[in-house]
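Subject: The structure you asked about

Hi there,

Here is the structure for you to open alongside this message. My notes on it follow below.

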Amino acid sequence: MNRLDEKWLKKLVQNCLRQYGRDIEAFPLTDSEWADLYQNIMLENETHPEMNVYEIVHDVVYEYMTK
């Protein structure tokens with residue numbers, strides 16, 4: 001996977017956060033949070049190219065929500 005479309009990826013992350021119970025409208029991601037999530041997703045994508053982008057996003061968001 002090449003560099004992902006950031007806008008599409010952000011929407012995917014927001015949907016995943018909703019599934020984990022975060023109210024995106026009341027508590028939107030800060031620029032810093034988004035930058036961290038995006039960086040972690042890109043890193044995972046580079047180190048595990050065999051993984052599906054949806055799996056990567058869910059793994060990264062789960063880790064973010066449970067830290």
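Helix 1 and helix 3 are oblique to each other: their axes come within 10 Å and cross at roughly 55°. One thing to keep in mind as you read is that this is a predicted model. The crossing of helix 1 past helix 3 is right-handed. On the helix 1 side, the contact is built from Trp 8, Leu 9, Leu 12, Val 13, Cys 16, Leu 17 and Gln 19. Helix 3 answers with Val 53, Tyr 54, Val 57, His 58, Val 61, Tyr 64 and Met 65. Sorted by class, this contact of helix 1 with helix 3 holds 12 nonpolar residues and two polar ones, with no charged residues.

Now for the pairing of helix 2 with helix 3. Helix 2 covers residues 31–47 and helix 3 covers residues 53–66. Their axes come within 9 Å and cross at roughly 135°, which makes helix 2 oblique to helix 3. Here, too, the crossing is a right-handed one. Which residues of the two helices meet? From helix 2 they are Glu 33, Leu 37, Asn 40, Ile 41, Glu 44 and Asn 45, and from helix 3 they are Ile 56, Val 57, Val 60 and Tyr 64. The residues of this contact divide into six nonpolar, two polar and two charged.

That leaves helix 1 with helix 2. Their axes come within 11 Å and cross at roughly 105°, so helix 1 is roughly perpendicular to helix 2. Glu 6, Leu 9, Lys 10 and Val 13 of helix 1 make the contact with Trp 34, Leu 37, Tyr 38, Ile 41 and Met 42 of helix 2. The classes in the contact of helix 1 with helix 2 are seven nonpolar, no polar and two charged residues.

A few of these names come up in more than one list. Leu 9 and Val 13 of helix 1 take part in the contact with helix 3, and both also touch helix 2. Leu 37 and Ile 41 of helix 2 are in the contact with helix 1 and in the one with helix 3.

Two other residues may be worth a click. Arg 18 sits in helix 1 and is partly exposed, with a relative accessible area of 36%. Leaving aside residues up to four places away in sequence, Arg 18 touches Ile 24 and Glu 25. Arg 18 is 23 residues from Ile 41 in sequence, and their C-alpha atoms are 18 Å apart. Asp 31 and Ile 41 are 10 residues apart in sequence and 15 Å apart in space, C-alpha to C-alpha.

Finally, the chain as a whole. The protein chain has three helices and zero strands, and along the sequence the pattern reads α-α-α. Its C-alpha trace spans about 35 × 20 × 15 Å along the principal axes. The radius of gyration is 11 Å, which agrees with the value near 11 Å for a compact globule of 67 residues. Of those 67 residues, 31% count as buried. Among contacts between residues at least 6 apart in sequence, 65% join residues at least 24 apart.

Methods
Residues are numbered from 1 along each chain as its sequence is written. This is a predicted model: local features need pLDDT of at least 70, side-chain atom pairs count only at pLDDT 80 or more; totals for chains, interfaces and linings use all residues. Side-chain values use heavy atoms; hydrogens and water are left out. Axes are lines fitted to C-alpha atoms, for helices over the stretch in contact, and angles run from 0 to 180 degrees between N-to-C directions. Helices (H or I, at least four residues) and strands (E, at least two) are DSSP runs, numbered from the N terminus. Angles under 35 degrees count as roughly parallel, over 145 as roughly antiparallel, 65 to 115 as roughly perpendicular and the rest as oblique. A crossing is left-handed if the near helix is turned anticlockwise from the far one by less than a right angle, and right-handed if clockwise. Contact means heavy atoms within 4.5 Å. Ala, Val, Leu, Ile, Met, Phe, Trp, Tyr, Cys and Pro count as nonpolar, Asp, Glu, Lys and Arg as charged, and the others, Gly among them, as polar. The radius of gyration is taken over C-alpha atoms; the globule rule is 2.2 Å times the number of residues to the power 0.38. Buried means under 20% relative accessible area, exposed over 50%, partly exposed in between (1.4 Å probe, protein chains only).
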